[in-house]
Amino acid sequence: GGCNSTATLLNSMKAAILIQRWYRRYIARLEMRQRYTWNIFQSIEYAGEQDQLQLSSFFSFMLDNFTQLNGNGPDLISHLLDPVVDPWSDRERQTMFEQITVPESYSGPHLTFPLTVSHTNALLSAFKEQQPLHGRYMLQLLHQTKKLLKQMPNVIHLSTPYAKEITICGDLHGRLDDLLLIFYKNGLPSAETPYVFNGDFVDRGKKSVEVIILLFAYQLLYPDHMTLNRGNHEDHIMNLRYGFTKEVMQKYKTHGRDILLLVQDVFSLLPIATVIDNKVLIVHGGISDMTDLYLLSSIERHKVKTDCKPTGTVDPVFPQGQPESPRCRSRGQDHGNTPKKRRHLTRQGSSSSSSSSSLCSPRGSSRLTLCRCLSPSMLSPTDNLQVVDLLWSDPKSQPGCSPNTFRGGGSYFGPDVTRRLLERHGMTLLIRSHECKQEGYEVCHDGQVITIFSASNYYEEGSNRGAYIKLGRELVPRFFQYQVSRNTRKLTLTQRVNVAEGSAVRAVQEKLFSHRSELMAAFQQYDTSNSGCISVSEWALVVESVVRLDLPWRTLRPRLARLAPDGSIDYQSCFEDMGPGQPIPQVTPNLAETLYRYRTDLEIIFNIMDKDHSGQISIEEFRQTWHLFSAHLGVEVDDRAIDELAKSIDFNKDGSIDFNEFLEAFRVVHKLDVKDQQQG
């Protein structure tokens, strides 16, 4: 009997060990999938930021090279790029806003100034019930916020209240649910519960308007206990791409333009840093080896309307749509190539800045100096760069400081750079945001840098937690995590990974589809026998060199391409599961593909040209837009091709183009999704 029980015990132990091993392997595989899913989301996000900076140089190109575009081009775009001279005094503006009538049918909150707690409570209740704030009150709120911010310094100095803590929040990106959850868990802003919100309040999420209304309202109510730092998305050029501009125009059809102009002023007046007890520095992005807090205290921050506009010289044509490397200031090691001889284009009547700057290629290490052209109403490139570094930089584990080529702006700063800056100013900690982290926060640089990110489910439902920090008198950070959940709790870990991974892989497939011609040409160079197959290593090499997303391509291969019986890759299979939204006439080779790739950019340009926001532009305006864009990208498209394209998407033949239909035609459709829908 004893032998049997021993054998049974041994078998049970063996089974337990086997199950344990299997489970560990299973969890390790899940973690690996989570990791590469994360890499995909982040790489595509940063590639989008590079595209945005390239689009900004396109705006500069338009201003520099075209005195008129249908009589309205540069004027249209110059109001986005150049500081607006407001003809009205504060008093006149206030009177104008007060004269806007609010209809009796309006059931949302009514505001009077100065604000009281009952006003902020009314706003909270209204937003929970999906009620909007009337345009008149929005304009008045922005006007009052602008007046308050004008009185504030560039760097806000706070002290931790006795026996109380300051709460620091990171990026919210238009996630109202996250903001409401923070208030619910941690308490509403007040003298008892002071807050610092560290930038990136808007864009990407659908409730950016409501988020800034609440933040500005609480700042007006408690100016000493509610601090708002500027982020890189408090920038009207970024807002064009990432959704805030569109959201404002949709929610405020009558007063949208006035609101956007006022928001632009408010954003430019937000402080750029906060210091707690002279020991803790809080900035949105980070620092560089050039960061000078004394200089930052004295610059005129309101002159930085956008950090997305390159300085005075712009390259109009990039070969194959790739920007040349600009000359950059020395930063530790520079592995970049020497720039080619550059063409200098200056706008008539304006002086060209001597500091040459353009856009970095994604993997070169040349520095993109995101600065604006010099004029009396703008900062010098040096001062501008100080602000850009604060808003755009990221920490790295290696020592030194180098250009942030991944984002296309700001710097990568190492632990030595952090240590030097903190020692120079007698500080102990740098708190920054700007990067999504899976746990909502991350500590690096030997505990001297904390990243805090407050938008949960940022990339996909269940992709990450949000977090905030509480700091008391001892300045020891305490972290609080949360996750807004509608469906997340019902899903198992495996299901959550599957959902996020599926979404990430589809995004990569769309990238491959939009580079189809380049990829096919490169694949065929390796496929000397025209077999339709190349080796796995050749495939990975080609995809990285063309798409430039720095992803684990071999790991992703089973989700992206099929193996042939001999173990090589059937490279055509990369494009099998996708097709165009609508059949496009092949009027010229690669035109449709170019449109897929620059679909977002075209939408932004279209929104600028569509002055009355009707959703329609004339064929002539479409022609002009495409001419400028193709000239900027160096894409050769002749007039006949543009005309045929325009006619083919003028569906009702009335001489104007409905841009939503146009965009729909250039959306990558996943055939598997279509099959699912048909079966469903």
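**From a buried histidine to the ring pairs**

His434 sits in the loop between strand 10 (429-432) and strand 11, where helices (H or I, at least four residues) and strands (E, at least two) are DSSP runs numbered from the N terminus. The model is a predicted one, in which local features need pLDDT of at least 70 and side-chain atom pairs count only at pLDDT 80 or more, while totals for chains, interfaces and linings use all residues. Residues are numbered from 1 along each chain as its sequence is written, and side-chain values use heavy atoms, with hydrogens and water left out.

Although His434 is not a glycine, its phi is positive, at about 75 degrees. With a relative accessible area of 4%, His434 is buried (buried means under 20% relative accessible area, exposed over 50%, and partly exposed in between, with a 1.4 Å probe and protein chains only). Arg204 is another residue other than glycine with a positive phi, near 75 degrees; Arg204 is found in the loop between strand 3 and helix 7 and, at 29% relative accessibility, counts as partly exposed. A further backbone feature is the cis peptide bond that joins Phe113 and Pro114, with omega about 0 degrees, and Pro114 lies in the loop between helix 3 (90-98) and helix 4 (117-128).

The aromatic side chains can be followed next. Rings of Phe, Tyr and Trp (its six-membered ring) pair if their centres lie within 6.5 Å, and planes under 30 degrees apart count as stacked, over 60 as edge-to-face and the rest as tilted. By this rule the count comes to 16 aromatic pairs. The rings of Phe183 and Phe197 have centres 6.4 Å apart and planes at 90 degrees, so this pair is edge-to-face. Because Phe183 lies in helix 6 (residues 176-186) and Phe197 in strand 3 (residues 195-197), the pair ties together parts that are 14 residues apart in sequence, and both Phe183 and Phe197 are buried. The rings of Trp539 and Trp553, with centres 6.5 Å apart and planes at 85 degrees, are therefore also an edge-to-face pair. Both Trp539 and Trp553 are buried. Elsewhere, ring pairs link Phe41, Phe453, Tyr458 and Tyr459 into a cluster.
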